[in-house]
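Here are my notes on the model you sent over. I went through the sheets, the cores and a few residues one by one.

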Amino acid sequence: MGFLSRISDLLLCRWTCRHCCQKCYESSCCQSSEDEVEILGPFPAQTPPWLMASRSSDKDGDSVHTASEVPLTPRTSSPDGRRSSSDTSKSTYSLTRRISSLESRRPSSPLVDIKPIEFGVLSSKKEPIQPSVLRRTYTPDDYFRKFEPHLYSLDSNSDDVDSLTDEEILTKYQLGMLHFSTQYDLLHNHLTVRVIEARDLPPPISHDGSRQDMAHSNPYVKICLLPDQKNSKQTGVKRKTQKPVFEERYTFEIPFLEAQRRTLLLTVVDFDKFSRHCVIGKVSVPLCEVDLVKGGHWWKALIPSSQNEVELGELLLSLNYLPSAGRLNVDVIRAKQLLQTDVSQGSDPFVKIQLVHGLKLVKTKKTSFLRGTIDPFYNESFSFKVPQEELENASLVFTVFGHNMKSSNDFIGRIVIGQYSSGPSESNHWRRMLNTHRTAVEQWHSLRSRAECDRVSPASLEVT
């Protein structure tokens with residue numbers, strides 16, 4: 001062998017045989033054995049097509065087999081079951097030479113440039129996609145919104161009251177009991193509530209000491225389907241009794257499925273003409289817990305109510321301003337559920353309308369009074385001359401009275417609309433009228449007490 005051949009064999013043997021570095025220069029450890037080749041790894045189960053083509057071409061051409069074309073035969077191991085390092089290096093070197101020979105005869109194939117596939121969002125800038133952790137930032141509003149105010153209220157209609165029996169409630173509060181019944185008519189789609197009687201009502205309570213009869217109450221019952229308290233019904237007043245018998249029926253036009261979502265609220269109130277009406281107690285019955293179609297009668301013990309005073313009623317008004325004529329038109333349409341001022345006849349209500357410019361009373365007008373009702377329909381119109389430059393300083397005071405032939409009229413309730421409005425609802429109505437001239441604007445208003453109006457509205461102090 002030449003010098004260059006030995007150097008190449010030395011370098012090749014350095015990578016394939018690590019135990020015979022000193023013998024590599026003489027090439028004594030790398031003599032190829034043409035009839036013994038050791039298979040060192042798993043090969044494909046099927047022979048590649050290019051190798052089959054190479055073999056077929058060799059057979060057809062009757063080419064002379066070289067040392068690299070000798071069929072592979074596995075080498076038997078030594079009697080002790082081990083192979084020497086010299087044998088291993090020889091087999092490896094022979095396999096390397098054979099593979100090199102086959103690669104030189106492999107037909108050329110086009111190069112395919114396969115780029116790695118990247119998954120992500122299609123954008124000009126590649127950013128790593130990391131899973132984000134959802135965190136909710138709690139603001140002070142969210143923190144306080146988690147509280148349930150009814151759990152901390154002093155209203156007796158809480159879970160501890162619901163867990164008590166009627167006998168325990170009667171013993172604890174001693175407010176008496178109420179007898180009533182319910183029945184739903186599927187044919188006409190209305191709910192009938194019958195208020196029958198009450199018993200063992202407590203003696204009356206006077207908050208200001210003006211009550212004359214402290215031995216007897218004048219009870220009546222208000223009926224509503226929560227959460228709608230506006231469309232309530234009211235029985236007549238039973239004079240001077242702690243065991244009133246009502247025997248009155250009231251009908252609510254309501255679909256059956258909607259009725260099952262409501263709660264029947266019965267409030268027993270003590271009427272007092274010379275003082276404010278006081279709530280004796282209440283009974284609430286979720287209608288989903290009763291058989292409405294079958295109906296039934298109940299005796300329920302009264303529990304205290306957080307509402308010590310009854311509502312004064314509501315008033316429906318319409319306002320319209322004509323800038324060209326300088327006229328302010330007022331329509332008193334109707335009122336409902338007014339405070340009863342007469343024990344036997346209910347009320348004889350009428351409405352007084354007073355125009356106040358700044359702090360000066362300018363004009364007073366009033367409706368006719370309707371006898372024996374707490375739900376009057378007026379439909380009366382009034383007109384006041386108000387120049388456009390004075391409109392911003394004008395106020396309208398609406399006061400509902402109960403007509404009394406023998407003495408002074410009974411005050412029921414009041415509201416103020418205009419410059420010195422008595423509340424946000426009244427201010428909103430006035431603002432809507434100013435923004436829509438020549439258009440009638442209607443709105444319901446809840447009546448307020450005289451003291452409340454005098455406290456917040458200077459215009460209320462200028463009228464009687």
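1. A quick term before anything else: two strands count as paired if DSSP finds at least two bridges between them. With that in hand, Leu-328 stands opposite Phe-384 in S13. Keep in mind that this is a predicted model.

2. That pair belongs to a longer run of contacts. Strand S10 (residues 327-336) is joined to S13 by seven bridges, and the two run antiparallel. Both strands sit in an open, four-stranded sheet with antiparallel pairing, in the order S13-S10-S9-S16. The edge places go to strand S13 (377-385) and strand S16 (441-446); each has a single partner strand, so one side of each has no neighbour in the sheet. From one strand to the next, the twist averages 25°.

3. What packs on this sheet? Helix H8 (residues 424-435) does. The helix touches strand S9 (314-322), S10 and S16, and its direction makes about 170° with that of S16.

4. There is another open sheet to look at, again with four strands and antiparallel pairing, ordered S12-S11-S14-S15. Here strand S12 (360-366) and S15 are the edge strands, and each has a single partner strand, so one side of each is left without a neighbour in the sheet. Ignoring direction, neighbouring strands are turned by 20° against each other on average.

5. Within that sheet, six bridges hold S11 to S12, which run antiparallel.

6. Now the largest nonpolar core, which has 35 residues. Which of them touch the most other members? Leu-315, Leu-396, Phe-398 and Trp-430. The elements giving two or more residues are S9, S10, strand S11 (349-357), S13, strand S14 (394-402), strand S15 (410-418) and H8. Domain 1 (162-206 + 215-301) and domain 2 (313-460) both contribute residues, so this core lies between them.

7. Leaving out residues up to four places away in sequence, Leu-315 touches Val-332, Arg-334, Ala-335, Val-351, Phe-398, Val-400, Gln-443, Trp-444, His-445 and Leu-447. A second, separate core has 27 residues, including Ile-223, Leu-264, Val-285 and Val-290.

8. Is Thr-399 buried or exposed? Thr-399 has 0% relative accessibility, so it counts as buried, the cut-off being under 20%. Thr-399 is found in strand S14, and its side chain makes a polar contact of 2.9 Å with that of Arg-414. Apart from residues up to four places away in sequence, Thr-399 touches Phe-350, Val-351, Lys-352, Gln-354, Phe-411, Gly-413 and Arg-414.

9. Last, strand S5 (residues 245-253). In a regular strand, side chains alternate between the two faces of the sheet. In S5, Phe-246, Glu-248, Tyr-250 and Phe-252 make up the covered face, while Val-245, Glu-247, Arg-249, Thr-251 and Glu-253 make up the uncovered one. Seven bridges join S5 to strand S2 (residues 190-199), and these two run antiparallel. Glu-253 in S5 is the bridge partner of His-190.

Terms used: Residues are numbered from 1 along each chain as its sequence is written. This is a predicted model: local features need pLDDT of at least 70, side-chain atom pairs count only at pLDDT 80 or more; totals for chains, interfaces and linings use all residues. Side-chain values use heavy atoms; hydrogens and water are left out. Axes are lines fitted to C-alpha atoms, for helices over the stretch in contact, and angles run from 0 to 180 degrees between N-to-C directions. Contact means heavy atoms within 4.5 Å. A nonpolar core is a set of buried Ala, Val, Leu, Ile, Met, Phe, Trp, Tyr and Cys residues joined through side-chain atoms within 4.5 Å. Buried means under 20% relative accessible area, exposed over 50%, partly exposed in between (1.4 Å probe, protein chains only). Domain bounds come from an automatic or database domain assignment. A polar contact is a pair of N or O atoms within 3.5 Å; within protein, one must be able to donate a hydrogen and the other to accept it, and residues adjacent in sequence count only if both atoms are side-chain atoms.
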